[in-house]
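Here are my notes on the model you sent over.

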Amino acid sequence: MGKGISQAAKLGAGCLLTAFLGDPAFAADALQQSFLQPMGLVAQEQSAHLLRVVAVTMVVILPVLIGVPLILWRYRYSRPRGDYTPEWEFSKRLEWALWGVPVMVVAVLAGWLWYSTAKLDPYKPLGPDPLRVQAVGLDWKWLFIYPDQGMATVGEMAVPVGRPVQLTLTTDTVMQSLLIAPLSGQIYAMPGMTTKLNFAATRPGMAEGENTQFNGRGFGRQKFTVRAMPAADFARWAKAGRSTITLDEAAYAKLRRRSVLVDARRDLGLEASSEPIVMTVGQPDMFRQIVAKYHENERAGAAQGWGGTNNPDSDTGGEGR
Amino acid sequence: MSASTSPIVGKLDWTVTPYTDLLHQVNSSTIVGAGAASVLVLGAVAGGAVLTWMRWWGPLYRNWLTSADAKKIGIMYIALALVMLARGIIEGFVMRAHQATALGTLTEPESGLVAPDHFAQLFSTHGTIMIFFVAMPLLIGLINFVLPQQLGARDMAFPVLNQVSLGLTAAGAGLVMISLLIGKFGTGGWTMYPPYTGIQYSPGEGVDYWLWAILISGMGSTLTGMNFAVTIFKSRAPGMNFMRMPLFCWTSLCVAIMLIYAMPALTVSSAMLALDRYAGFHFFTNEAGGNMMNYANIFWMFGHPEVYILILPAFGVFSEISSTFSGKKLYGYTSLVIASMSIAVISFTVWLHHFFTMGQSAGVNIAFGIATMIIGIPTGVKIYDWMATLWRGRVRITAPIVYLTGFFLLFVIGGLSGIILANPSIDYQVHNSTFLVAHFHNVIIPGVLYGMLAGIHYWFPKAFGFRLDERWGRRTALLFVGGFVFTFMPLYVLGLMGMPRRSPTFQNPDFLPWMYVASFGAVLMLGALASLVWTFWTSYRNRAALAVPGGDPWNGATLEWSTPAPVPKWTFARIPEVKARDDWGETKRAGDPWKAPEGYDDIEMPADTPHGLLIAGAAFALGFAMVWHIWWLAALGFLAIPALLAWRGMKVIEPRIIPAAEVEEADRRFRATVASLAPATRADEESERNRGRPDLAEFAG
């Protein structure tokens with residue numbers, strides 16, 4: 001049954017999408033932005049669940065959408081048809097239906113909610129040996145660190161098709177929310193804390209990733225591209241990624257400024273464009289250090305490195321008190 | 001920054017107005033900003049000029065601003081709400097116009113009608129205004145006007161406290177309004193989530209405007225909740241036991257309880273954020289142990305009950321009008337009471353669904369997701385009950401019924417998207433997207449706005465003595481329905497396509513057609529606003545033809561229809577003895593409902609007082625001074641409030657006594673008028689033959 005429904009869901013999603021998006025969006029190389037064009041199992045399950053919920057909820061909604069116009073037409077004052085029962089105000093049998101049907105629908109939906117929420121828990125690893133990626137939210141860009149590959153990127157994230165990815169998130173500014181709709185749901189990222197997203201791409205393609213939590217002027221341009229590629233291509237990408245720029249404290253301080261990708265490139269001495277920045281990671285545990293900046297007890301003495309905890313644009317800089 | 005704070009005017013100087021920005025740089029964004037400020041200034045000047053020209057200052061002060069009459073306070077609340085509604089709708093239109101021109105690239109700076117910061121102020125003020133200064137005053141105003149009349153009471157339990165509540169709400173609204181001209185508003189959205197709204201990332205006056213508007217008006221709403229609750233518990237007419245109360249009174253009771261329990265959470269979260277910003281506290285800062293998750297938790301402990309505070313009065317209105325305009329008893333009274341109360345209670349157990357994506361475990365999300373769905377059950381039952389009320393009735397398609405129809409058809413779609421969002425697994429995708437924006441507009445516009453406008457239409461004759469023009473009323477309703485459909489259905493699509501809410505720009509050209517459709521919808525919304533204003537104006541001009549001195553234009557069943565229209569300040573010449581649910585209807589069935597009472601007594605009414613006005617002035621001064629760091633004025637405003645309370649506490653206050661003779665004379669005149677009117681049948685309801693005396697032969701239900 002599950003299979004049948006997911007088939008139907010796919011079909012339905014397809015119809016919906018053609019209605020919404022037109023054909024060009026279906027082209028393989030287009031930047032996908034919706035979970036209705038899933039590139040991974042998580043998003044696929046989410047879009048299937050959406051259609052499931054819509055279908056089940058129709059049981060309680062259609063009677064209203066159909067019934068109200070019919071009642072108004074049939075019992076309109078100007079030309080009424082049917083009985084007039086002004087004193088009628090209660091019916092036990094009707095009451096059972098009015099309460100019973102919604103209760104049953106909610107019971108069914110609640111069961112499915114439980115099942116799908118437990119199944120799609122973003123903290124649940126999707127398999128052994130996931131690709132570890134660490135995301136740091138900055139104003140108005142995301143920094144992705146590949147600790148095992150020793151590289152870091154801004155504006156682009158590559159993942160191998162078929163291999164689970166475990167994304168660990170934090171921010172070094174205000175709260176943000178990372179969403180790669182075609183692959184996975186979103187989760188908030190907060191300074192001094194980490195959250196996790198587990199997902200895997202099932203087909204090659206390009207997905208748009210974004211921050212969905214408003215965080216100022218550059219919010220609308222805080223986007224990045226996720227490229228899902230075959231494993232061999234990913235290995236090549238990771239090797240080519242060993243660039244001349246080293247992500248050390250100085251480079252990080254520049255990235256940490258409140259700027260969009262183009263301006264950050266300029267700050268790093270790169271040509272101004274929306275091409276991604278690729279860097280070699282200087283300190284392998286920099287992610288941990290960025291998180292630890294916000295923890296009094298873990299911050300050893302003068303370790304106000306990595307740009308401190310203040311708004312990088314404020315005059316005071318450094319220590320915040 | 002403290003270096004530039006003057007001891008006299010704080011941080012104020014000549015550069016804070018949008019005109020400075022305009023002089024600095026002329027572009028569409030600064031023109032819109034300066035234009036908005038000019039509308040505010042010109043509006044205030046024009047209003048003042050009209051009051052002076054017509055010599056209305058005195059009457060305004062004596063008859064309205066110092067009145068402790070709940071009915072007048074209710075009308076003033078609604079007038080305030082309609083002014084703010086105009087601003088909110090226009091802001092919505094500017095945002096739609098901006099996004100329709102905001103397609104950009106990642107490389108180029110943002111383009112479009114307004115700058116990103118300006119756009120952020122727009123969505124922040126729009127949300128703040130629509131929730132706190134449109135929806136809240138609309139429903140509080142309507143309850144103020146209707147509740148005592150339906151209960152058979154002369155006034156609220158605490159009439160002067162009621163004045164103070166109105167004053168505090170108006171002071172908050174005033175702060176939001178003045179931010180158009182002096183300084184800027186915050187950019188953190190109506191929820192103002194820290195740490196973005198902390199002092200580090202949002203220095204300046206913007207967030208403070210929001211904080212003080214919320215703190216001051218929130219205090220007013222808390223007091224209102226207490227007032228409503230005590231009124232319902234203690235001021236019902238003899239015989240008006242709980243299960244005889246009209247449904248609107250029941251939903252008011254739910255609202256009262258929820259206001260009492262929910263508003264303090266908002267006051268606490270705002271006060272904590274204020275301490276962070278003003279006093280260097282670290283409740284919600286990034287460093288020093290602050291944690292913004294606490295803000296989200298406390299804010300939504302208020303925020304979710306708030307949604308049902310907004311919608312329950314509308315449910316009360318729909319219960320009244322579905323029965324009245326179908327000429328039938330309300331179906332399932334007990335069921336509706338149970339459903340309303342269940343909603344009020346369950347609404348306190350679902351707040352976490354506003355942040356399913358904050359990183360908590362799946363188990364927590366499942367619990368709150370299911371609780372959220374459960375609240376859909378009583379809501380659904382209510383909708384079916386109203387349908388059952390219309391079924392086998394004789395439904396007159398009046399303006400309120402058009403609103404009700406729009407509500408039925410649109411609200412269930414909002415309910416569907418609500419059930420969708422209640423699923424954490426789907427919420428992970430559409431949270432923070434325009435899908436969410438579409439959802440809450442889809443419940444709040446058909447729910448709150450349609451409900452309140454239907455209520456205004458329904459009770460307007462009771463307040464002013466003449467009906468509103470039905471044809472224009474229906475046109476307005478249809479425009480609001482069409483405006484909603486065209487504005488917000490595209491936002492559902494855009495959300496599913498992956499567009500985040502609050503986006504000052506976007507890069508996907510596929511969004512554009514939907515943006516155009518939404519902008520067209522926003523134009524319809526502007527049209528609806530104009531049509532609403534025109535409805536009031538044309539009805540006012542036609543007031544002689546639309547007059548209903550008989551007081552019962554819709555052949556109603558509840559107590560408020562037994563009195564003249566406009567209703568006298570003492571409401572009831574004699575407090576009625578209630579013998580049944582829908583007491584006025586039962587009296588009609590028994591025949592001769594307009595029989596004069598056996599005798600008249602002196603009536604004690606609360607004396608007029610400027611107390612509320614003075615407290616409002618002090619609160620506004622306090623808020624404004626705190627925003628601009630004018631410490632002496634803040635201290636003065638802060639001390640003035642307890643001083644005013646103490647001063648009033650030490651005075652001997654005599655109530656106003658209306659002599660029995662005056663009441664008797666007015667009441668006899670009313671009964672003579674009714675006797676002289678020709679009864680109008682329901683077929684004549686919209687014609688000039690409807691003078692407020694219905695044909696009793698037709699009454700049933």
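This is a predicted model: local features need pLDDT of at least 70, side-chain atom pairs count only at pLDDT 80 or more; totals for chains, interfaces and linings use all residues.

**Notes on the two-chain model**

1. Four bridges join E3(A) to E4(A) (residues 151-154), and the two strands run antiparallel. Their hairpin has four residues between the strands, and A:Gly150 takes a positive phi near 70 degrees there.

2. On its other pairing, E3(A) is joined to strand E2 (residues 131-138) of chain A, in the antiparallel sense over five bridges. Here A:Ala135 has A:Phe144 in E3(A) as its bridge partner. These two strands also form a hairpin, with two residues between them. How many of the six residues of E3(A) are buried? Five are, so strand E3 (residues 141-146) is largely enclosed by the rest of the structure.

3. Stepping back to the sheet, E2(A), E3(A) and E4(A) belong to an open sheet of seven strands with the order E9-E6-E2-E3-E4-E13-E12 in chain A, and its pairing is mixed. Strand E9 (195-199) and strand E12 (246-247) are the edge strands, each pairing on one side only. At the E9 end, five bridges join E9(A) to strand E6 (residues 165-171), which runs antiparallel to it. Within that pair, A:Gln166 stands opposite A:Asn198 in E9(A).

4. Strand E5 (residues 156-160) of chain A deserves a look of its own. Five of its five residues are buried, so the strand is largely enclosed by the rest of the structure. In a regular strand the side chains alternate between the two faces of the sheet. For E5(A), both faces are covered: A:Glu156, A:Ala158 and A:Pro160 are buried on one side, and A:Met157 and A:Val159 on the other. Its pairing with strand E11 (residues 223-229) of chain A is parallel, over five bridges. A:Met157 stands opposite A:Val226 in E11(A).

5. For chain A as a whole, the secondary structure comes to seven helices and 13 strands. Of its 321 residues, 45% count as buried. Among contacts in chain A with a separation of 6 or more, 70% come from residues 24 or more positions apart.

6. Chain A is divided into domain 1 (2-12 + 30-78 + 92-119) and domain 2 (131-292). Their C-alpha centres lie 36 Å apart. Where they meet, 13 residues of domain 1 are in contact with 16 residues of domain 2. On the domain 1 side, the elements giving two or more residues are strand E1 (31-32) and helix H2 (41-74) of chain A. H2(A) gives the most to that side, with four residues. By class, the domain 1 side divides into seven nonpolar, six polar and no charged residues.

7. Which chain gives 84 residues to the contact between the chains, and which gives 82? Chain A gives 84 and chain B gives 82. The elements of chain A that give two or more residues to this side are helix H1 (2-21), H2, helix H3 (92-119), strand E8 (184-189), strand E10 (205-211) and helix H6 (261-267). The chain A side has 47 nonpolar, 26 polar and eleven charged residues. The predictor gives the complex an ipTM of 0.89 and a pTM of 0.93.

8. Next, the nonpolar cores. The largest has 302 residues, of which B:Ala81, B:Ala135, B:Leu139, B:Val255 and B:Met387 touch the most other members. Helix H5 (residues 116-151) of chain B gives the most to this core, with 21 residues. B:Met387 reaches across to chain A, touching A:Val64, A:Gly67, A:Val68 and A:Ile71. A second, separate core of six residues includes B:Trp570, B:Ala573, B:Ile603 and B:Val663.

9. A last stop in chain B is helix H19 (residues 583-590), in which B:Asp583, B:Trp584, B:Gly585, B:Thr587 and B:Lys588 are buried. Just after H19(B), B:Gly591 takes a positive phi of about 90 degrees. On confidence, chain B averages a pLDDT of 93, and 99% of the residues score at least 70.

Key. Residues are numbered from 1 along each chain as its sequence is written. Chains are lettered from A and ligands numbered from 1 in the order in which they are written. A nonpolar core is a set of buried Ala, Val, Leu, Ile, Met, Phe, Trp, Tyr and Cys residues joined through C-beta atoms within 7 Å. A residue is buried if 20 or more other C-beta atoms lie within 10 Å of its own, exposed if 12 or fewer, and partly exposed in between; C-beta atoms are placed from the backbone. Two residues are in contact if their C-beta atoms, placed from the backbone, lie within 7 Å. Domain bounds come from an automatic or database domain assignment. Ala, Val, Leu, Ile, Met, Phe, Trp, Tyr, Cys and Pro count as nonpolar, Asp, Glu, Lys and Arg as charged, and the others, Gly among them, as polar. Two strands pair if DSSP finds at least two bridges between them. pLDDT is the predictor's confidence in each residue, from 0 to 100. Lists of a residue's contacts leave out its neighbours within four places in sequence.
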